[in-house]
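Biologist: I would like to go through this model and hear what stands behind each label. Please put it up.

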Amino acid sequence: MNILTEILRSPWLYGAFLAGFGFMPPILIRVFVLIYPRGHERRRELPAEMMAVPYKERPVWLADQLGLALTEGLRERLHWLPVVAVFVDWRRVGIQFVMAIGNAGLGIALLSKYGIVGAGLMLGTASILLISILVSVWRGVRLGGRRDQLVALLLTVMDPAYHLTVAEPTDTRAKNPPDRWIGDP
Amino acid sequence: MRHTGSLAAVAIVLMTDTDDRHWGYELSKKSDLRSGVLYPILARMLSAGWLTDGWEDPVTVASGRPPRRYYQLTDRGRIELGAVVSEARKRAPVRTAIHAVRIAT
């Protein structure tokens, strides 16, 4: 806690905030758009839009874009979460989550005694993530009838476009009228 | 798509000039919406086929500025957003009129 209050009291923090939001918006907006997945239109759109924003409005506009990137961009990055949800037993995850919070609290309490709060927080977060992943995978493997979905989950995590490609019908000519075929001579 | 006040605000702006190209920041100023609200609405409109998008031609862009992404109404969008605006006029006629006047000025 002392470290946190010291950081919040530090003039360097406010200096960095002013420098970032006041004088370096082009750099910051390029950092923010990295939250979006590769190839997303917003990665080009937001830096281009920034040029139209008057200088005095840019700090507020930038803060707004950070919020947008965190909601919209993260949701698109975590596109595989709904597939994970198929396997997850939420009551079990709830119990595990409470246990992980307890672990994190214990870790923080023990390690802050030695002045290593950051390590405690990292330990807690890592344990939450690890337990959630283990629970979801274990649950998926246990459900034998859903093995194909587990494979779909793994493929979706590895290849973001997989869920789009599996939705495509195999025989597109049967679905489309002849005048809509592309590439025909 | 759920008809909300924010959707109506964007619809009024888009329907003032149905043939024109619109930019994100311009839409956000005219509709008085934060970009956190506006961009998800635009994304939904795009996926519903109400809008089409594209990028400015780099040749016509002033030097030093990257090309911007524009949004333009489709024929279907004109019909759907027309319905949204007329519904908003019935629900909140005063607010809709004030908004339309603000955009016009």
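This is a predicted model: local features need pLDDT of at least 70, side-chain atom pairs count only at pLDDT 80 or more; totals for chains, interfaces and linings use all residues.

Biologist: In which sense do E1(B) and E3(B) pair, and over how many bridges?

Modeller: E1(B) and E3(B) pair in the antiparallel sense, over two bridges. Two strands pair if DSSP finds at least two bridges between them, and strands themselves are DSSP runs of E with at least two residues, helices being runs of H or I with at least four, both numbered from the N terminus. Residues are numbered from 1 along each chain as its sequence is written, and chains are lettered from A and ligands numbered from 1 in the order in which they are written.

Biologist: Over how many bridges do E2(B) and E3(B) pair?

Modeller: E2(B) pairs with strand E3 (residues 69–73) of chain B over five bridges, in the antiparallel sense. Among the partners, B:Leu51 is bridged to B:Leu73, and B:Trp55 to B:Arg69.

Biologist: What makes E1 and E2 of chain B the edge strands?

Modeller: Strand E1 (22–23) and strand E2 (51–55) of chain B each pair on one side only. The open sheet has three strands in the order E1-E3-E2, with antiparallel pairing.

Biologist: What does the secondary structure of chain A come to?

Modeller: Chain A has 11 helices and zero strands.

Biologist: Why are H3(A) and H4(A) called roughly antiparallel?

Modeller: Helix H3 (residues 25–32) and helix H4 (residues 42–50) of chain A pack at about 160°, their axes 9 Å apart. Axes are lines fitted to C-alpha atoms, for helices over the stretch in contact, and angles run from 0 to 180 degrees between N-to-C directions. Angles under 35 degrees count as roughly parallel, over 145 as roughly antiparallel, 65 to 115 as roughly perpendicular and the rest as oblique. The angle therefore makes H3(A) roughly antiparallel to H4(A).

Biologist: Which residues make that contact?

Modeller: H3(A) brings A:Pro25, A:Pro26, A:Ile29 and A:Arg30, and H4(A) brings A:Leu46, A:Pro47 and A:Met50. Residues are in contact if their C-beta atoms, placed from the backbone, lie within 7 Å. Six of the residues are nonpolar, none polar and one charged. In this scheme Ala, Val, Leu, Ile, Met, Phe, Trp, Tyr, Cys and Pro count as nonpolar, Asp, Glu, Lys and Arg as charged, and the others, Gly among them, as polar.

Biologist: How many residues does each chain give to the contact between chains A and B?

Modeller: Chain B gives 13 residues and chain A gives 14. On the side of chain B, helix H2 (24–31) and helix H3 (35–48) each supply at least two residues, and H3(B) gives the most, with four. That side of chain B divides into six nonpolar, three polar and four charged residues.

Biologist: Why does A:Glu76 count as partly exposed?

Modeller: A residue is buried if 20 or more other C-beta atoms lie within 10 Å of its own, exposed if 12 or fewer, and partly exposed in between, with C-beta atoms placed from the backbone. A:Glu76 has 15 C-beta neighbours inside 10 Å, so A:Glu76 is partly exposed. This residue sits in helix H5 of chain A and touches A:Tyr36, A:Pro37 and A:His40, leaving aside residues up to four places away in sequence.

Biologist: What makes B:Asp32 partly exposed?

Modeller: B:Asp32 has 13 other C-beta atoms within 10 Å, and therefore counts as partly exposed. B:Asp32 lies in the loop between H2 and H3 of chain B and has a positive phi of about 60° although it is not a glycine.

Key. Two residues are in contact if their C-beta atoms, placed from the backbone, lie within 7 Å.
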